[in-house]
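This briefing is meant to be read with the sequence and the structure side by side. Take the topics in order, and find each named residue in the display before moving on.

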Number of protein chains: 2
Amino acid sequence: MGRVIFIGAGPGAADLITVRGAQRLAQADVVLFDALTDPALRVYAPKARWIDVGKRGFADARRVGAPAYDSTKQDAINALIVEQALDADVVVRLKGGDPSIFGRLEEELDAVRAAGIACEVVPGVTAALAAAADMQRPLTRRGSGRSVAFATAMSREGAIVPTHSADTEVFYMGGKQLAALGRRLRAAGWPAETPVGVVSRAGWPDQLHSDHTIGTLAQATVLHAGRPTVITVGAGAATLDAPPAGTSSDVAAATAVQPAASPASKP
Amino acid sequence: MGRVIFIGAGPGAADLITVRGAQRLAQADVVLFDALTDPALRVYAPKARWIDVGKRGFADARRVGAPAYDSTKQDAINALIVEQALDADVVVRLKGGDPSIFGRLEEELDAVRAAGIACEVVPGVTAALAAAADMQRPLTRRGSGRSVAFATAMSREGAIVPTHSADTEVFYMGGKQLAALGRRLRAAGWPAETPVGVVSRAGWPDQLHSDHTIGTLAQATVLHAGRPTVITVGAGAATLDAPPAGTSSDVAAATAVQPAASPASKP
């Protein structure tokens with residue numbers, strides 16, 4: 001019986017995986033990955049068998065061949081991890097971002113441990129941190145930003161119900177729900193003029209960053225459509241005193257959209 | 001004039017830096033690091049000049065030689081980064097964890113940008129994620145754990161004022177304040193029986209993990225004394241349904257302390 005290593009791949013670009021994650025990948029016989037993961041990660045484990053469990057229809061395909069599996073996709077993934085670990089020495093379950101944050105690690109760990117299989121979890125950079133790095137805006141600030149909270153709408157229950165307790169709140173979501181998020185933030189007591197930084201494809205060369213307020217958040221919808229998006233609200237979205245090198249304060253203030261070097265190359 | 005790259009080194013062990021961080025380190029002429037950073041990180045930049053800005057007396061030493069500097073340690077660090085970037089092509093400011101979380105990145109970015117120097121920020125694994133990986137307990141859970149908040153007591157203002165809004169709250173702090181944290185969590189409305197996972201030196205081979213409740217949190221003080229500590233409260237601290245391989249449910253429940261393989265080697 002083998003062992004299962006859950007590895008956080010980071011937010012996207014292959015070089016944001018940890019050195020430990022890359023080294024563990026090199027030991028893998030099998031890698032189970034999601035469709036969103038950067039294909040460039042394969043260089044870390046060129047000889048492993050890579051199985052895409054994120055593609056549409058994965059659970060259906062499993063069901064046809066093995067009717068005993070539960071019908072949900074997550075259950076099919078859980079069963080496949082266990083099945084692979086019975087045959088291989090090292091099975092890597094590669095997850096976007098960090099496995100412990102919005103990664104459904106709970107279900108997969110439970111399934112693997114219930115089968116008596118040894119596990120390891122290797123942490124990764126979660127998307128909120130990559131978005132803050134892209135924006136060059138720390139999530140915590142002196143005096144005004146002493147706590148930060150992460151939330152998502154990507155759950156079975158549906159909508160985000162934001163609170164207003166941490167100084168900075170970060171939301172992981174698709175770009176489609178921005179108008180609704182703005183309304184819910186207002187309802188939770190955030191002032192309309194609160195700064196909001198929206199970053200899509202954080203950590204990639206084609207990341208996009210735009211600045212808004214809660215009152216104007218809906219305007220970000222078109223720019224970030226169809227891209228994984230991180231929304232930073234509150235203290236951590238405020239601009240710093242000094243603008244980035246090469247811009248004046250006036251230019252920085254007037255530039256609502258700050259795309260990376262080649263935003264058009266990967267739309 | 002050079003450029004400054006702020007790099008998150010991860011929570012400690014050198015192999016928890018990102019591949020991108022390690023690659024940028026290899027380009028460094030100068031590395032400014034804090035005393036806490038793993039010396040093994042030097043293998044990524046063996047030819048760079050490494051300057052320890054975390055040691056005691058650093059600010060005082062600067063003041064003697066250069067009386068124009070402000071007297072606080074942070075101001076001395078800010079000034080040194082700028083000074084080095086005027087001489088070197090690539091200056092790396094290496095920070096523990098992720099630079100955007102409790103890293104004082106704001107002050108340093110402001111100083112460097114005000115001097116017209118180009119910057120880059122490379123994200124890292126923050127200690128809360130490494131602690132969750134060590135515990136094999138995801139910070140978010142199906143249904144019960146949809147949001148997670150990070151806070152620290154390491155600020156000029158002093159004490160943590162915890163709230164009770166996120167399903168999981170994680171505190172970065174020294175082990176000395178655990179009794180006070182327990183009392184403040186109770187005052188914020190958390191029930192006494194809420195699970196708490198305490199991890200010190202997260203991500204290192206000698207990490208220590210102990211399980212408590214808010215009501216018994218003070219008992220963790222001696223075990224984690226003198227070690228950087230991450231305290232996970234709420235949904236993310238609850239045990240999973242299945243125990244780790246090699247333990248029975250009874251054993252897992254009875255084992256309050258779960259040290260790593262060789263906890264005694266680095267006390």
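Over which residues of chain A does the pLDDT stay under 50, and how many contacts beyond four places in sequence does the model have for them? The stretch is residues 60-71 of chain A, and the model has nine such contacts for it.

**Confidence of the prediction**

- Chain A has a mean pLDDT of 84, and 82% of its residues reach 70 or more.
- Besides residues 60-71 of chain A, where pLDDT stays under 50, residues 249-267 of chain A also have a pLDDT below 50, although the model shows 21 contacts for this second stretch beyond near neighbours in sequence.
- For the complex, the predictor gives an ipTM of 0.87 together with a pTM of 0.88.

**Overall build of chain A**

- Chain A contains seven helices and 10 strands, and 48% of its 267 residues count as buried.
- When contacts in chain A between residues at least 6 apart in sequence are considered, 65% of them join residues that are at least 24 apart.
- Chain A is divided into domain 1, which covers 3-122, and domain 2, which covers 127-254; eight residues from domain 1 of chain A and 10 residues from domain 2 of chain A take part in the contact.
- On the side of domain 1 of chain A that touches domain 2 of chain A, there are five nonpolar residues, three polar residues and no charged ones.

**Leu94(A) in strand 4**

- Leu94(A) lies in strand 4 of chain A, residues 90-95, and it counts as buried because 27 other C-beta atoms are within 10 Å, where 20 or more are required.
- Apart from neighbours within four places in sequence, Leu94(A) is in contact with Ile7(A), Ala9(A), Val31(A), Leu32(A), Phe33(A), Thr37(A) and Leu41(A).

**Helix 4 of chain A**

- Helix 4 of chain A, residues 105-114, is largely enclosed by the rest of the structure, because seven of its 10 residues are buried.
- The buried residues in helix 4 of chain A are Leu105(A), Glu106(A), Glu108(A), Leu109(A), Ala111(A), Val112(A) and Arg113(A).
- These buried residues pack against strand 1 (3-8), helix 3 (73-87), strand 4 and strand 5 (118-122) of chain A.
- Just after helix 4 of chain A comes Gly116(A), which takes a positive phi of about 75°.

**How chain A and chain B meet**

- In the contact between the chains, 58 residues of chain B touch 58 residues of chain A.
- Several elements of chain B each supply at least two residues to the side that touches chain A, among them helix 1 (19-26), strand 5 (118-122) and helix 5 (127-135), while the largest share, seven residues, comes from helix 4 of chain B.
- By class, the side of chain B that touches chain A divides into 32 nonpolar, 15 polar and 11 charged residues.
- Strand 6 of chain A, residues 147-152, pairs with strand 6 of chain B in the antiparallel sense over five bridges, and Ser147(A) has Ala151(B) as its bridge partner.
- Chain B is superposed on chain A by a rotation of 180° with 0.0 Å of shift along the axis, at an RMSD of 0.0 Å, and the two copies are therefore related as by a two-fold rotation axis.
- The copies meet through the same surface, because 100% of the interface residues of chain B are also interface residues in chain A.

Technical notes
Residues are numbered from 1 along each chain as its sequence is written. Chains are lettered from A and ligands numbered from 1 in the order in which they are written. This is a predicted model: local features need pLDDT of at least 70, side-chain atom pairs count only at pLDDT 80 or more; totals for chains, interfaces and linings use all residues. Helices (H or I, at least four residues) and strands (E, at least two) are DSSP runs, numbered from the N terminus. A residue is buried if 20 or more other C-beta atoms lie within 10 Å of its own, exposed if 12 or fewer, and partly exposed in between; C-beta atoms are placed from the backbone. Two residues are in contact if their C-beta atoms, placed from the backbone, lie within 7 Å. Domain bounds come from an automatic or database domain assignment. Ala, Val, Leu, Ile, Met, Phe, Trp, Tyr, Cys and Pro count as nonpolar, Asp, Glu, Lys and Arg as charged, and the others, Gly among them, as polar. Two strands pair if DSSP finds at least two bridges between them. pLDDT is the predictor's confidence in each residue, from 0 to 100. Copies are superposed by least squares on the C-alpha atoms of residues with pLDDT of at least 70 in both.
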